[in-house]
Every structure is written in C-alpha cells, then in structure tokens.
Amino acid sequence: MDTSTLRRLLPVAILLVGLAAFLLLGLERYVSYDMLVRHKATLTTWVADHRPLAALAFLLAYAVMVAFSLPVAVLATPVGGFLFGTWAGAGLSVIGATLGSIAVFLAARYAFRDLFRARAGATLARFEEGFRESDFNYLLFLRLVPVFPFWLINIVPALLGMRLRNYALATMIGIVPASIIYAGVGAGLGAVLKRGEHPDLGIIFEWRILLPLLGLAVLALLPVVFARLRRQRSP
C-alpha cells in the first residue's frame with residue numbers, strides 16, 4: 001500500500017481506532033443513566049454555575065460521540081434536555097450532531113470516494129448522478145425518518161458525491177424534529193430518574209409522533225417527484 005493511500009485512510013483509521021478503544025475499554029459504563037443518577041446533583045450544580053462552559057463542553061462531547069460513532073450518542077440529547085432545557089438542549093444537540101456528522105462525511109469522502117467511483121458500475125453511476133441532482137431532498141428524507149442508522153447516513157452521501165454544503169444543511173434541518181422530541185423527554189428526566197426508571201426513548205416510534213415525522217419526510221421528497229413529472233411531460 002503506497003503512502004498516498006495510507007494518508008487517505010488515516011482519518012477513517014483514527015475514527016475506527018477511537019470506536020474500538022471505547023468498546024474494548026468498556027467506557028460506555030461511564031456514559032449511562034446510572035452514572036447520571038449517581039452524579040446528578042454535582043452535574044446540575046456545575047452546569048448552573050458555569051452554563052456557557054457547560055454548553056460548549058456538551059456540544060464538543062456530542063460532536064466527538066457522533067464522529068466516532070459511539071453507541072452512547074443516543075443518550076446525549078435527552079441528557080442535553082435535562083441539563084439545559086428542551087430548546088437549548090435540542091439546539092446544542094443539533095449543532096453537535098451536525099459537526100460530528102461532517103467529520104465522518106469528510107473522512108469517508110477523503111478515504112473511499114475515489115475507490116468507490118472506480119469500482120462503481122454503469123448502473124450505480126447513474127444512481128449516483130440521480131442522487132446528486134436532488135441530494136439535499138434525499139438526505140433530508142433520510143434524516144427525518146428515524147429508522148435509518150445515523151452512522152450509515154453519515155457515510156453513504158459522501159460516497160455518492162454529495163456536496164458538503166447541502167449535506168450539512170440537510171443534516172442540521174433533518175435532525176431538528178427528533179432532537180426536540182428527545183430533548184423534551186430529557187427535560188422531564190429528573191422525575192423519571194427519581195422514580196428509579198429510565199426514559200422511554202422509543203416514544204419516537206409511537207404513531208402520534210412517527211406519523212408527523214413521516215409526513216415531513218414525504219414533503220421533503222415532493223420537489224423531487226414534481227421535477228421528475230415535469231421532465232416526463234416535457235417533449
């Protein structure tokens with residue numbers, strides 16, 4: 001393997017090594033609701049006394065968790081709602097998640113984009129071209145539907161040649177609804193933890209919440225559908 005290839009793979013290697021170290025060292029035990037219960041008073045007091053610093057620390061920690069695809073990232077938004085309130089917690093979560101996603105996107109594009117293009121067949125190349133025509137709408141749809149793995153959606157657009165500006169904007173807008181929902185759950189986390197329970201993160205799959213999200217996702221694809229209909233009708 002030549003030096004240029006090794007240099008290209010380095011960012012992805014760093015992210016994978018970070019994830020492997022996190023799992024092998026069992027660090028997830030330090031990022032759990034049990035730890036939050038144990039240190040809740042100390043944490044809330046520190047956040048109240050150092051709110052700007054705490055907000056920055058939370059945002060950076062969230063970005064790192066997403067960048068390294070750590071399996072505890074799903075806990076971060078409820079914790080943000082608990083510490084900062086629904087709206088501030090959701091806002092910090094959106095910014096942190098977007099920054100972390102951009103890091104994964106850039107690493108994947110730098111490492112694998114040329115290799116993917118070289119290996120792609122004619123059919124896949126046409127799919128790639130079609131994706132790039134409406135990449136913002138497609139990614140917005142994927143972000144709004146809460147069933148696709150977040151880490152996977154960070155990588156695939158990079159391989160399909162999506163523009164960074166569209167990727168960042170669609171990511172930021174697309175994760176807002178779920179972030180508000182999870183931060184809202186976190187805002188009531190104190191009472192839940194006091195009862196010795198864990199918050200119900202599956203609330204997003206309840207039909208009263210899932211249906212509006214699916215409706216927004218369908219709206220995100222309407223411009224694509226209309227554009228295709230116009231092309232079909234034009235001579």
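Here are some friendly notes on the predicted model above, point by point.

1. **Ground rules.** This is a predicted model, in which local features need pLDDT of at least 70 and side-chain atom pairs count only at pLDDT 80 or more, while totals for chains, interfaces and linings use all residues. Residues are numbered from 1 along each chain as its sequence is written, and side-chain values use heavy atoms, with hydrogens and water left out.

2. **Overall layout.** The chain has 13 helices and zero strands; helices (H or I, at least four residues) and strands (E, at least two) are DSSP runs, numbered from the N terminus. The C-alpha trace spans about 65 × 50 × 30 Å along its principal axes. Of the 235 residues, 41% are buried, where buried means under 20% relative accessible area, exposed means over 50% and partly exposed is in between (1.4 Å probe, protein chains only). Taking contacts (heavy atoms within 4.5 Å) between residues at least 6 apart in sequence, 81% join residues at least 24 apart.

3. **Nonpolar cores.** A nonpolar core is a set of buried Ala, Val, Leu, Ile, Met, Phe, Trp, Tyr and Cys residues joined through side-chain atoms within 4.5 Å. The largest one has 34 residues, and Phe84 and Ile204 have the most contacts inside it. Helices H2 (33–38), H4, H5, H6, H11 (176–187) and H13 (207–233) each give two or more residues to this core. Beyond its neighbours within four places in sequence, Ile204 touches Pro146, Ala178, Ile181, Tyr182, Ile209, Leu210 and Leu213. Another core, of 14 residues, lies apart from the largest one and includes Ile153, Ala158, Ala170 and Val224.

4. **Aromatic pairs.** There are three aromatic pairs in the structure. Rings of Phe, Tyr and Trp (its six-membered ring) pair if their centres lie within 6.5 Å; planes under 30 degrees apart count as stacked, over 60 as edge-to-face and the rest as tilted. The ring centres of Phe58 and Tyr62 are 5.9 Å apart with planes at 80°, so this pair is edge-to-face. Both residues sit in helix H4 (residues 51–67), four residues apart, about one turn of the helix, and both are buried. Phe105 and Tyr167 make a stacked pair, 4.2 Å centre to centre with 25° between the planes. This pair links distant parts of the chain, with Phe105 in helix H6 (residues 86–119) and Tyr167 in helix H10 (residues 164–174), 62 residues apart. Phe105 and Tyr167 are both buried.

5. **Phe84 again.** Besides its place in the largest core, Phe84 forms one aromatic cluster with Phe58 and Tyr62. Phe84 is also among the H5 residues, with Phe82 and Leu83, that meet Lys40, Leu43, Thr44 and Val47 in H3.

6. **H3 against H5.** Two packed helices are described by the angle between their axes and the distance between the axes. Helix H3 (residues 40–49) and helix H5 (residues 73–84) pack at about 65°, with axes 10 Å apart; axes are lines fitted to C-alpha atoms, for helices over the stretch in contact, and angles run from 0 to 180 degrees between N-to-C directions.

7. **Two residues to look at.** Most residues other than glycine have a negative phi. Ser69, in the loop between H4 and H5, has a positive phi of about 55° although it is not a glycine. Ser69 is partly exposed, with a relative accessible area of 32%. Leu169, in helix H10, is partly exposed at 42%.
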